[in-house]
Amino acid sequence: MLRNPPFIGNFPISQSFGDNPAQYAFVACGGALLRGHNGVDFATPLGTPVTAVQAGVVLDAREDPDRFGHFVLLGHEWGQTLYAHLAEARVTRGQQVTAGQEVGRSGNSGRSSGPHLHFGMRITPFSVADGWCGYVDPKPYLDRLTQPRGAVMGPHIIGGVHRHLDLLNRWQPRAILVLDPNPTEMALLREACPNAVIVGRVFEPDHDIEHRIRANPQEAARWADDKVMSRMSPHVDYWQFANEVLQAGDGLPLLNAFELARMELAEASGYKCAILAFSVGNPDLPENDRMAMWRLVYPAIERAERNGHVVAIHQYGAPDLFSPAQDWYAFRLEHQVLRRLPYKKVQFIITEYGVDGLIDGRPQPTGWQGFTSAENYVEQLLRAGAYLERFSGRIAGYNIFTLGHNMPWGTYDIAGPAADLLAERSDRGTWGQVNTAPGGIAPGESDQTIDPGGTAGGGGQPPPEPEPTEPTEPEPEPTEPEEPAPTRPVVEQRITLWFEQANMRIRASADRPDRPTGELVYVVKDIFTTRNGSWEPSPEPAAIPQWARDAYLAAEFLEAGADHHLFARVLDLDGNPIRNHEVIFWSDGFDRLGDSSYDGYVRERTKESSGWANLFMGPSSSFVPERGESGPWCWAPAGGADVVCGGGLPARHHVSTFVVWQAVRREDLEQPPVEPGKPVEPEEPAEPDRPVEPPPPPPVITRRLGDWVAPLNVRIRTLDERPDAAQQSSAEIVYILKDLFTTRDGSWEPTNIVGSVNQWARDAYLRPWGAPDYFDDAGADHHLFAAVIGLDGQLLREQEVMFWSDGFDKLGDASYQEYVYRQTKSHSGWANIITGPGANYVPERGESGPWCWAPVGAAEVVCGGGMPAKQHISFFAVWQAVRREDLQPTRPPQPSPGDYNIWLPVVGGGQARGVEAAPAPAATVTPFDPLALTSLALVRAAAWNRLGIEFRPDSPLAEYARRNALGMPVTQEFVSGALLAQGFQGGIVYAPAGEREAVRHMSW
């Protein structure tokens, strides 16, 4: 889902979702009054870049002075995101945006009492009449950017956990239900799955439970509490008791009273409950008032939300997870209930999930084994799980019924191959590591509004947003709208994602109680961590980021592998490490700096060999970040310096924390901000010693090939190769292949699996649900696709495309009549055909698929499409319309002396500073060949990857560097202030972020 935060920087939350209900009680949306703040406010200063959290389309971008001020509403495949109270929007309605693209600048517009960003999320399906205008709490989704989660599908365990411990250790599910747990096995389960949510269900016969609740709900609750306490284990997160009882209209008030009383007893005893446990299809959802039955248990749900209990639900499909009606069975909660339920923070757990023949009318229980194979069942579960990730901010996990079984439930048991496959294939991690493809699943109904909310449907004028906790002084209103000028950063700071999660903090030099003086101040530049002494980047919490490894792992750093230390490095004004510089560590709080009697400092010096100082931490430095705790240690260089506090061993993990300080002149640190309207201009590059040749004309087409095109033996046949080339020679417009890529199993989530889509292709061509050009066929999983871009850069609709499977040479055969003709759709701009079993081939044997396809007319042809090794892989080809005169210029472009297109410099070598570049090797003049250009791009990509730098084939910075002989790249692309920049050996190449064509460079 999300790819990045909604802003550039690091800012605290000033108002959470649900806060200040009285402030919003008279604001109406969809005919319902708001129940509280329906987004998250971040205390962003004026002018902070606001960025799209994922690729999407701009549904609306305008000014709403009575509510949200300048706002942007984006549409995504999974819903909508709102960015409000902006100083300005930088996108327009209907525009496609990519993840991380700037959509505006943070401001103080609309009804707002201080500069901030209001960020909201709607997950499809949604209802604007739910009391929140369809919005959900964004925080769990934003947290997932950096906080990994386990497998979304977990087990419902019957018959004990001992025999499954090895499986569970490999599986690491997000949630687990255990029937009749005992304290001993719960301790073992917690050791195997330390991060899982564990639900313990105490088993009593359903008829006994129902009889006791009908007789006296409060007495039944005391009986249930006694049963739970007899099995109490601190490793169980929630305790379930009632199970599929009293789910009709007459029983729901009794069940509500029972769960209210049970939660009250649990709170007194110190444990949490899983309540209700409705079976599939219950309670009823009457057509005239869907939530009429659910409202009978609203008091119990409200208490659960307020006091941290969860709601248990059962969901099934039959004879598979996608029939007979997904909204009413396998996805009933997600599609019908969540969008209408006014309690948006209460968590659900699906304690039973899977295939159940009882739904299909069978007289006896029949599970998945009566319908399908383990392989197919797991594929269904994982496909459903990928889609259900979009609801993970509300649902803690799904438990598959069953692992182990009682009679008559044997055909439901997943023990064996099914469970092993789930443990092996389940995705885990952050948003960047899991598949969230819908897989063809879509809710049957949802509101489609693009109104941001609170401005329609009645109600009075809303109050201004509450003032942020750390407000920025509002700037005076300019007479002309101007972009707020960014202040000039003295030190560009890089901080690991794990810093904030460990509750660590940087205390500025100016805040120190001891008020240090001196000409130099040491400012924090970089902070990163390692886990278990490893310098290999990984998704594990506290693992080192790649940038830190690249910058600081050196042969002379002999202590780098220490696994529970605090490290410090100090750089001088030129960025060189200072040896023998004193560093102080202490564990009694930041305020000790102002205590002249305090003598608890530990003093170390940066080493002559490595330039690092370090301190060992023992077990007493352990802390639990999830409880809001911080580590006890502070440390800083001696003298005037920022201080880092909160160092320690989070949850007893062997984590080391590394901090680098940069020396800065105090006068530079205290310089005033740049005057408004005068952005910082980089220094002009020095005049070159020799004239630079004018840049060559850009290629007509820059071709991009997916990673799997070559391994799957797909080939591009040029115009000149076509047997009917003579018949096509008079065509003024020709179609050159621009992009060719693949998807696997219908998924548009980039992975390392054969056939998976590339990120660039996803960003360029996947249109979200609700967009004007929504790509409705994108999830097809063994198809050939074609799209054609016109001279105006837009996809051509109703453009004829032909497909054939008897060889490329049939183009010259006038008698051949087996073409399959399709037109690109008026909605999405794509044409496609399905490939069946007859299209199978084995790439490893050198085989190619039988299919060729191309637009009708003078076009390059793609050949080799099919089903490689029976895998469900789809091929997507995009052609660009070009005037023939532009494709074949009368004078071939001459290589400039500075074009190092095929020079691969050795890492660490290359052109020395101040030495004139050698002329490029002489090149033979040949006609323009798009395929040759693509080959060079592939070679460049391979070389950049060897350097550990992301290759962007369409980067204007890289193109400029090649034209001006600036040598190899030495940094990734990065943003500094309002500039996009990248370092090369010969200088720093930069361009204003909004004017990528205005590229220049300056010396190091």
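The predictor's confidence in each residue is expressed as pLDDT, on a scale from 0 to 100. The structure is a predicted model in which local features need pLDDT of at least 70 and side-chain atom pairs count only at pLDDT 80 or more, whereas totals for chains, interfaces and linings use all residues. Residues are numbered from 1 along each chain as its sequence is written, and side-chain values use heavy atoms, with hydrogens and water left out.

**Figure 1. Overview of the predicted protein and its confidence.**
The mean pLDDT of the protein is 85, and 86% of the residues reach at least 70. Its secondary structure consists of 19 helices and 47 strands; helices (H or I, at least four residues) and strands (E, at least two) are DSSP runs numbered from the N terminus. Of the 1004 residues, 51% count as buried, where buried means under 20% relative accessible area, exposed over 50%, and partly exposed in between (1.4 Å probe, protein chains only). The protein exposes about 43100 Å², of which carbon and sulfur atoms supply 50%; accessible areas come from the Shrake-Rupley method with a 1.4 Å probe, and for residues only the protein chains shown count as cover. Contacts are defined by heavy atoms within 4.5 Å. Among contacts between residues at least 6 apart in sequence, 71% join residues at least 24 apart.

**Figure 2**

**Figure 3. The open sheet containing S20, S22, S31, S23 and S26.**
Five strands, in the order S20-S22-S31-S23-S26, form an open sheet with mixed pairing. Strand S20 (494-495) and strand S26 (612-616) are the edge strands, each pairing on one side only. Two strands pair if DSSP finds at least two bridges between them. S20 and strand S22 (residues 520-531) run parallel and are joined by two bridges. Opposite Arg 494 stands Asp 526 in S22.

**Figure 4. The antiparallel pairing of S35 and S38.**
Five bridges connect strand S35 (residues 783-789) with S38 in the antiparallel sense. The bridge partner of His 783 in S38 is Ile 834. Strand S38 (residues 830-834) is largely enclosed by the rest of the structure, because four of its five residues are buried.

**Figure 5. The surroundings of Val 136.**
Val 136 lies in the loop between strand S11 (117-123) and helix H2 (139-143). With 8% relative accessibility, Val 136 counts as buried. Not counting residues up to four places away in sequence, Val 136 touches Phe 17, Met 121, Ile 123 and Tyr 141. A separation of 6.3 Å is found between the C-alpha atoms of Val 136 and Lys 344, which are 208 residues apart along the chain.

**Figure 6. The surroundings of Thr 48.**
The loop between strand S4 (40-42) and strand S5 (49-51) holds Thr 48. Its relative accessibility is 7%, so Thr 48 counts as buried. Residues up to four places away in sequence aside, Thr 48 touches Phe 7, Ile 8, Phe 11, Gly 104, Arg 105 and Ser 106.

Most residues other than glycine have a negative phi, and most peptide bonds are trans. Asn 282 and Pro 283 are joined by a cis peptide bond, with omega about -15°. Pro 283 is placed in the loop between strand S16 (273-278) and helix H8 (298-307). A cis bond also leads from Phe 401 to Thr 402, with omega near 5°; Thr 402 is in strand S19 (residues 395-403). Leu 276, a residue of strand S16, has a positive phi near 75°. Leu 276 is buried, its relative accessible area being 0%. Gln 172 also has a positive phi, near 50°, and is placed in the loop between helix H3 (165-171) and strand S13 (175-179). At 22% relative accessibility, Gln 172 counts as partly exposed.
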